[in-house]
Amino acid sequence: MKKRSYVGVLSAVLAASMALTGCAGNSNSSGGSNASGGQSQPAPSNSGNGKTEGGLIKIATQSPLSGSNSAVGDAIKTGAGYALEKRKEEFKALGFDLQLFPQDDQGDPKIGVSNAEMLISDPDVYGVVGHYNTGVAIPSSVKYEEGKLVMVSPANTGVKLTEEGKKTVHRICARDDAQGPKAALYAKNTLGVKTAYIIHDKTAYGQGLSDQVKMQFEKDGVQILGFEGITQGEKDYSAVLNQVTVKNPDIIFFGGLYPEGGILIKQAREKGFKGYFMGGDGLDSSDMIKIAGAAVEGVVFTSVAGDVTQTEEGKKWAEEYKKVTNKPLETYSVYGFDSMNVILNGVLEATKANGGKKPTREQVLDAVHKTKDFQGQFTKVTFDEKGDNTNADVFIYKFDKDKSIFVGKAE
Amino acid sequence: MLAPFPRENKSSQPNECRKFVQVYMRNEGWESMINILPQVLVDGLTLGFMYAVVALGYTMVYGILEIINFAHGDIFMVGAFIGTEVLLISDALGALEGMNPFVALFITLIIAMVLTGALGVGIERIAYRPLRGAPRLVPLISAIGVSFLLQDLVRFTEALARNEFYLNSPALFTGSIPIGSIATIPTKGLIVIVIAIVMMIALTLFVNKTKWGIAMRAVAQDQSTASLMTINVNKVIMLTFLIGSSLGGATGVLFAQNYGTIDPYIGFILGLKAFTAAVLGGIGNLRGAMIGGVLLGLLESLSGAFMGPLTNGAFGAEYKDVFAFSILILVLLFKPEGLFGEAVKEKV
């Protein structure tokens, strides 16, 4: 009897864990066509054995596909996958089979690093689109550097990421030291705030951005009434909000992501806070509305991602995206799309330089690093020595009842 | 919303107590701190009663089996998800419209309590009973395993069913009751407090006045002697898990109502704090768990609101847990049986 229940527990645990790993693992079924009919390459790609049949090229994405940030993570993956799907034929003509290799970093540094380890050990992986969280991107980039695997981030804004001098690290969006000051300037000049309360989520992203905002506020003479950290994942922020209501600032600036930001603004309004609520690109998600409910109205945020539907051409692209992928358009969708194209372009260049043969990862890295005036769907990309995009902009948005409205470019 | 907002008039009516504070402190910060004190207490009480009810589950199981059911926090989480799903589904079917919110909450609570109660009994049967003779560390590890299993199962099923696993509960109560001009209690917070008190009173009556309650206390004292007195020990333990888990599940529903957003990982932090509350009050002691819970909630709220101003910003609200847990360590150092625990073997 006793033994039986042991077995029962064990098998239940086993079944559950198998189901879970099956879920968390990659779903590379999107390609459909089997990779060059079983012509698996015996040696790592850089052997270059003179065959014209190039073989498999996998481009990975790393973003949170599960967990509380999955709405944006999925948008990045879908955008990148859409770009890859569109260029499949082009690469087939060159003899390459293109494949998306989506990974779920769960917004967790540990998982991001172990995924990165797996990616660099797979010789067919030629680039990574990711990450969403700077705190995940920094430790993972150590691995990419080891494997000479190029990374192009659609969304990381943490200053430290590209300051560490890693050659593999690139991003097409603006950094926090551009975003933070511009957000602070907008708050002071356009919203006319005189006092501010800053709350951050203690992460590399949230605190980094908040520091930048604080510095700019101090420079401009906006009085900082408080600078507090909150714990990610908690649901009750009344302790810090009671302090906010007492000091009654003109604006709460929140450095962090929408799961906490949504709760914060909701609870702040419940406590009678009437001022502005502002955040960075971490609030840039349609889920913000779901979490905050009616309280979302009037929330202002800066984002490093612009509104692609501002132009006619962009609108057409957005329609097509929604039709083909059957997913809602998030502002980061187009950044995932552009990041993927930057990498694919690098692969193409490297192949050309390699005489049509499958290039090495290092050649791809070089080609991507040299990207100059590449016109993506939304953003123009020129990488500087550090891997930052010299054409990156910061944009202002405002939440209406059920969507975010593009206000304009932040100057 | 982008128009400038009228600033609240901060001038306050003359008040003897406040004058005293002003004269002796000569510091505006103190005045504003006194002003928010009522609101801080209200928030702390709401949180504290939530801890208290969850702490009951820890303390009951410990009182009877002397094991710490670390899966209890996740049973609470499952309760929150069941309650939210019931509300979301009935909302989608249009059943919530026109329904009295109290009736809706009552039905949700009953469904969540029945299901989480059954879950608790099932966990006891599968993960604890086979290990009952084993060293105490073994069921503890098993409990931690169950805890992870529950988190991932919820994550998995919600991801399959809804493609997202942090849910937003439809709000049944949106109003709030002002207490004079000093504080407001949101209706949902008041409901949390009232229901928590009702559950705690009902449990106390059950344990003290009914035959089953006496049996529970007997098993807590001595399992083998109790079984000699024709008490079915297994049934009593099952009942303990049933009651403890359904209380936890009900609290989950209240949590979802009060804070609006839930995810599969809420059980961990809250469970840890509720467990702390149980230890603070004296684990194995029902009254201790209740008072410990309320105390911890108040401590957390007070330290969160006042630590920053008192230390001039050196320790902000982010250190509120450090403060609360330091108190716990101090209590354990100087009164290891907890504030209300008795050193003798009188349990439950």
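The following dialogue concerns two contacts in a predicted model: the one between the domains of chain A, and the one between chain B and chain A.

Biologist: What makes B:Asp43 and A:Lys271 a salt bridge?

Modeller: The side chains of B:Asp43 and A:Lys271 come to 2.6 Å, N to O. The rule asks for a side-chain nitrogen of Lys or Arg within 4 Å of a carboxyl oxygen of Asp or Glu. The value for B:Asp43 and A:Lys271 lies within that cut-off, and therefore the pair is called a salt bridge.

Biologist: How many salt bridges does the rule find across the interface of chain B and chain A?

Modeller: The rule finds five across that interface. Between chain B and chain A there are also eight residue pairs in polar contact, both residues at pLDDT 80 or more.

Biologist: Which element gives the most to the side of chain B that touches chain A?

Modeller: That element is α2(B), with six residues. Elements that give two or more residues to this side include α2 (28-65), α4 (101-128) and α11 (286-310) of chain B.

Biologist: What makes up the side of chain B that touches chain A, by class?

Modeller: That side has 23 nonpolar, eight polar and 14 charged residues.

Biologist: How many residues of chain B and of chain A are in contact, and what area is buried between the chains?

Modeller: On chain B, 45 residues are in contact with 49 residues of chain A. The two chains bury about 4,000 Å² between them, with 55% of it on carbon and sulfur atoms.

Biologist: How do you know that domain 1 and domain 2 of chain A are in contact?

Modeller: Contact requires heavy atoms within 4.5 Å. The contact takes 17 residues from domain 1 of chain A and 16 residues from domain 2 of chain A, so these residues meet that cut-off. About 1,200 Å² is buried between the two domains, and carbon and sulfur atoms give 47% of this area.

Biologist: What is the count of salt bridges between the two domains of chain A?

Modeller: The count is zero. Four residue pairs are in polar contact between these domains, both residues at pLDDT 80 or more.

Biologist: Which elements give two or more residues to the side of domain 1 that touches domain 2 in chain A?

Modeller: They are α2 (70-86) and α5 (134-147) of chain A. The largest share, three residues, comes from α2(A). By class, this side of domain 1 has seven nonpolar, eight polar and two charged residues.

Methods: Residues numbered from 1 in each chain as written. Chains lettered and ligands numbered in written order. Predicted model: local features only at pLDDT ≥ 70, side-chain atom pairs only at ≥ 80, totals over all residues. Heavy atoms only, no water. Domains from an automatic or database assignment. Buried area = accessible area lost by both parts, 1.4 Å probe. Polar contact = N/O pair within 3.5 Å; in protein donor to acceptor, adjacent residues only side chain to side chain. Helix = DSSP H or I, 4+ residues; strand = E, 2+ residues; numbered from the N terminus. Nonpolar A, V, L, I, M, F, W, Y, C, P; charged D, E, K, R; others polar.
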